[in-house]
Amino acid sequence: METTDFFRCRIDAMIDLQHPLAVLATRLPWGVIEASLAPKFERKDRPGQMIEGLDLLGPTTALVGAGRSNAGRPRLPIRLMASLLYLKHSFNLSDEDVCERWSESPLWQFFSGRDYYEHRLPCDATQVGRFRHDIGEDGMEQLLKATIDTAVTAGAVKPEALERVTVDTTVQEKAIAHPVDSRLLEIARHKVVSAAKRCGIGLKQTFAKEGKELRRKAGGYAHAKQFRRLKRTVKRQRTILGIVMREVQRKLDAPDFAATNAKVLNDLRMWLERAERVRTQKTHDKNKLYALHAPEVECIGKGKARKPYEFGVKAAVVISHQTGLMVGARSFPGNPYDGHILSAVLEQATNLLQDVAVKIKVVVADLGFRGVDADNAGKEIIHRGKFKSLNPQQKAWLRRRQAVEPAIGHLKSDHRMDRCWLKGALGDALHTISCAAGYNLRWLLRAIAKLGIAPAFLCLLQMALLPATVMRAVQPGRRRAQFAT
């Protein structure tokens with residue numbers, strides 16, 4: 001093997017090229033991934049502005065700052081950043097851990113397209129999050145689509161096996177503490193006071209000491225189940241929050257008030273609006289606020305005895321009914337009815353399967369997807385409510401519906417879907433799809449190890465050597481025929 005660098009050895013000479021991850025590195029369509037994501041990182045044209053001047057010939061105007069600027073640091077390779085996202089969710093690592101482990105593993109660097117081993121971090125951990133945010137939801141769908149196409153082209157799954165899918169929903173929990181009124185009220189008071197201080201508003205009293213003491217008392221009363229005392233403590237916290245908010249609002253409306261920073265003023269108004277929601281909401285209200293920093297969180301009950309309520313966003317997954325490959329994953333804010341989101345999640349799965357030339361024909365689901373056959377024309381929806389009218393084959397398909405439950409369990413326990421740390425509804429959507437992409441990558445690694453799939457360049461080499469091998473096998477037979485004659 002030729003070595004272009006005299007002092008360093010190539011990575012492909014250091015690792016086992018038959019390792020499933022090394023095989024997958026040669027099988028994934030990196031060129032297609034880079035071509036689809038590259039437009040998101042192109043430098044944009046700026047309109048510029050007209051500058052008026054004066055010279056010896058009179059007044060002049062010149063266009064300044066227009067066009068595309070090449071200034072700034074060059075971006076990191078798209079394959080490197082995409083591979084870090086794959087590895088992060090495949091092996092259940094944080095942004096910091098995946099960068100650190102990448103610097104120690106030649107196999108991971110080979111997967112990222114490196115030729116030589118480099119004992120350094122690939123990038124700062126924050127750049128992984130920036131890359132994920134820049135490619136957006138459609139970019140993450142391209143990464144998920146690449147795993148599906150690889151599974152079909154490598155022969156790990158037959159295209160006709162993707163015509164029958166299983167759909168189910170789960171809750172992707174948000175990284176928030178369990179919402180209780182006492183804690184939310186104290187956090188709202190602290191946020192309003194801090195935002196007012198940054199805005200230059202001085203308060204007569206912030207109730208910092210009393211708020212801390214009331215929070216401690218509320219926790220003790222709740223633990224001792226002294227609910228009357230707890231109710232009086234929470235009532236006092238509401239009163240304190242109202243006093244602080246009214247004073248801040250009076251000073252905001254004062255004619256002599258002038259904000260020096262528009263962003264700080266907008267932040268203060270945002271915290272005032274959320275604090276008012278926390279102060280006025282009741283136990284059985286709709287659209288309650290469960291976290292000050294994550295207003296998109298919903299309270300969702302899935303009928304679990306061990307966990308009656310979960311706080312996050314509803315997520316739907318679509319897996320191949322026969323093989324368990326993930327062919328769709330979406331988040332749905334607002335806690336909609338399961339049947340109402342079936343058409344949307346099937347539309348996403350159809351878009352991801354467009355290069356495979358396969359259309360979804362049969363959908364196996366639970367009773368939550370009843371009554372939506374008219375909204376999904378051309379697709380046969382099978383659930384337990386139709387059991388008497390099903391034939392033996394359809395009943396066998398329905399018995400396999402439970403296979404989606406362990407797939408969801410692996411998504412949560414092995415691929416980071418149990419807790420979403422990303423910000424906002426966009427973060428929920430990105431996290432759902434990236435978890436599905438990590439699941440598919442691990443699925444492909446198991447399929448490669450089981451089926452003995454070889455690297456792509458080894459397959460090309462075997463195809464190139466096959467005609468010569470056939471000719472050598474045929475020549476002795478010809479000689480024997482000549483000698484016989």
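Before anything else, let me say what I mean by an aromatic pair: two rings of Phe, Tyr or Trp, the last taken by its six-membered ring, count as a pair if their centres lie within 6.5 Å. With that in hand, and keeping in mind that what you see above is a predicted model, I can tell you that the structure holds 5 aromatic pairs, and I would like to take you through two of them.

Since W30 belongs to helix α2, residues 30-37, and Y86 to helix α3, residues 78-90, the pair ties together parts that are 56 residues apart in sequence. Both W30 and Y86 are buried, and together with F111 they form one aromatic cluster.

Now, how are the rings of F41 and F131 arranged? Their centres are 5.4 Å apart and their planes stand at 5°, which is under the 30 degrees required, so this pair is stacked. Here too distant parts of the chain are linked, because F41 sits in the loop between α2 and β1 while F131 sits in helix α6, residues 125-153, and the two are 90 residues apart.

Finally, let me turn to charges and rings. K395 lies over the face of F387, at 4.7 Å from the ring centre, and the charged end of R419 is placed over the ring of W421, 5.6 Å from its centre.

Technical notes. Residues numbered from 1 in each chain as written. Predicted model: local features only at pLDDT ≥ 70, side-chain atom pairs only at ≥ 80, totals over all residues. Heavy atoms only, no water. Phe/Tyr/Trp six-rings, centres within 6.5 Å; stacked < 30°, edge-to-face > 60°. Helix = DSSP H or I, 4+ residues; strand = E, 2+ residues; numbered from the N terminus. Buried < 20%, exposed > 50% of the residue type's maximum accessible area, 1.4 Å probe, protein only. Lys NZ or Arg CZ within 6 Å of the ring centre and 35° of its normal.
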